[in-house]
Amino acid sequence: MEEKSIPRKSTRNAQGGGTIRQRSDGRWEARFTVGRDPGTGKQIQRSVYGSTQKEVRQKLSQAIAAVDEGTYQAPSKMTVGQWLDIWAAEYLGGVKPKTVESYNCQIKNHIKPAMAAIKLDTLDAHTVQKFYNRLSAEKDGKPGLSPKSVQIVHGVLHKALQQAVEIGYIRFNPADACKLPRAEKPEIKPLDNDAMASFIKAIQGHRFETIYLTMLFTGMRRGEVCGLTWDCVDLERGTILINKQLQNVPGQPGEYRLISTKNSKGRTITTAASVVQLLRKHQAQQLRDRLKAGPLWEDHGFVFCNEVGSHLSPPTVYHNYKRIVASIGLPDARLHDLRHSYAVAALRAGDDIKTVQGNLGHHAASFTLDVYGHVTEEMKQASADRMEQYMKNIVGG
């Protein structure tokens with residue numbers, strides 16, 4: 001069939017030039033030049049296809065424009081599933097093992113079953129949006145994923161696709177334009193003054209008394225306090241350097257190792273004098289335990305350890321806590337609530353939001369304010385009430 005030509009920039013089929021023809025199978029094909037092989041000097045040509053001449057002409061115009069702008073990317077035969085395998089294996093070297101395990105779980109359970117066979121360079125925003133919508137939808141009488149879970153899946157897929165953009169496999173990230181379900185902000189439940197007093201009374205004499213009090217009055221996370229070592233504690237200055245955490249080795253239940261903190265940044269907190277005194281007493285008791293254990297003692301330098309110096313198991317710390325709070329009528333209290341209790345108490349005691357953010361190890365003060373904003377609002381109202389009373393006293397005087 002006669003070949004129909006598209007105007008070219010030169011008679012030598014210059015870069016970006018192209019032709020359109022109808023194939024024997026009825027489809028339309030447009031061929032265009034993207035450059036020349038540096039070794040042979042031969043033209044490098046690509047094709048786009050369509051069911052109508054108009055469709056393929058539009059595709060050709062877009063392709064020629066991309067060639068002229070230097071943004072053209074050759075179509076890839078790689079599927080989404082193949083790219084996810086490459087990304088997970090080659091591009092997560094600096095990510096914490098627990099996070100890598102979570103990424104692989106989302107890929108295996110959600111992303112691959114729905115999208116593995118799709119060509120990477122044909123994936124569009126609408127397809128990704130429908131995928132997110134299906135995750136949220138009820139199926140066979142069972143509820144879909146929560147908004148927070150869908151956001152986690154999106155985070156993994158978006159990161160993988162963004163890496164493909166940076167490499168040049170795709171021109172843009174189709175997940176950018178998607179709308180995610182709105183997740184309700186979880187309600188924090190710090191211990192109030194009465195609950196805190198009951199808890200402190202209940203742990204008196206308990207083998208984990210000092211670790212729980214340290215968490216309550218410093219805001220340290222469970223993994224951070226379990227991974228705390230004496231070389232990071234300065235009892236003279238009353239400071240604690242928090243630069244690591246104890247975390248389970250992925251895929252190896254019961255096996256733990258020390259890794260960097262959640263945001264990979266260390267922080268130094270100045271503790272209350274009472275906490276320093278608690279740690280002094282704890283250190284003295286640990287020295288007695290060490291003498292008692294003799295050659296069985298494992299000198300790993302942990303502040304909180306078992307009878308022979310090895311690290312405590314975080315689940316053991318958690319389960320003991322749950323038994324204690326249940327005994328005082330607070331079965332729903334979480335171990336993480338000790339951290340929230342510290343933050344709320346610090347704000348109410350007058351600490352500024354930036355200081356609380358630094359002590360908690362949050363990445364930004366805005367995040368701290370978002371979590372504990374209700375406390376600062378209460379403080380603003382209390383301040384206004386005090387000012388009102390002051391003004392009344394002045395006027396009355």
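Thr268 counts as exposed, at 51% relative accessibility, where exposed means over 50% relative accessible area, buried under 20% and partly exposed in between, computed with a 1.4 Å probe on the protein chains only. Thr268 lies in strand β9, which spans residues 267-270; strands here are DSSP runs of E with at least two residues, helices are runs of H or I with at least four, and both are numbered from the N terminus. Leaving aside residues up to four places away in sequence, Thr268 touches Thr239, Ile240 and Leu241, a contact being heavy atoms within 4.5 Å. Ile242 is 26 residues from Thr268 in sequence, while their C-alpha atoms are 6.1 Å apart in space.

The model is predicted, so that local features need pLDDT of at least 70 and side-chain atom pairs count only at pLDDT 80 or more, although totals for chains, interfaces and linings use all residues. Residues are numbered from 1 along each chain as its sequence is written, and side-chain values use heavy atoms, with hydrogens and water left out.

For the protein as a whole, there are 13 helices and nine strands. The radius of gyration is 31 Å, whereas a compact globule of 397 residues would have a value near 21 Å; the radius is taken over C-alpha atoms, and the globule rule is 2.2 Å times the number of residues to the power 0.38. Along the principal axes, the C-alpha atoms fill a box of roughly 95 × 75 × 50 Å. Of the 397 residues, 38% count as buried, and among contacts between residues at least 6 apart in sequence, 54% join residues at least 24 apart.

His362 is buried, at 12% relative accessibility, and its place is in the loop between α12 (353-360) and α13 (365-396). With residues up to four places away in sequence not counted, His362 touches Arg221, Asn263, Arg339, Gln357, Phe367, Thr368 and Tyr372. One of these residues, Arg221, is itself buried, with a relative accessible area of 14%, and Arg221 forms a salt bridge with Glu224, the closest N and O atoms being 2.7 Å apart. A salt bridge is here a side-chain nitrogen of Lys or Arg within 4 Å of a carboxyl oxygen of Asp or Glu. Glu224 also counts as buried, at 2% relative accessibility.

Side chains of opposite charge can pair when their charged atoms come close. A search of the whole structure finds 13 salt bridges, including one between Lys59 and Glu55, whose closest N and O atoms are 3.4 Å apart. Because Lys59 and Glu55 are four residues apart in helix α1 (residues 53-69), about one helical turn separates them. Lys59 is partly exposed, with a relative accessible area of 32%, and Glu55 is likewise partly exposed, at 28%.

Another salt bridge joins Arg290 to Asp299, with the closest N and O atoms 3.2 Å apart. Here Arg290 counts as partly exposed, at 37% relative accessibility, while Asp299 is exposed, with a relative accessible area of 53%. Elsewhere, salt bridges that share partners join Arg21, Arg23, Asp25, Glu29 and Arg31 into one network.
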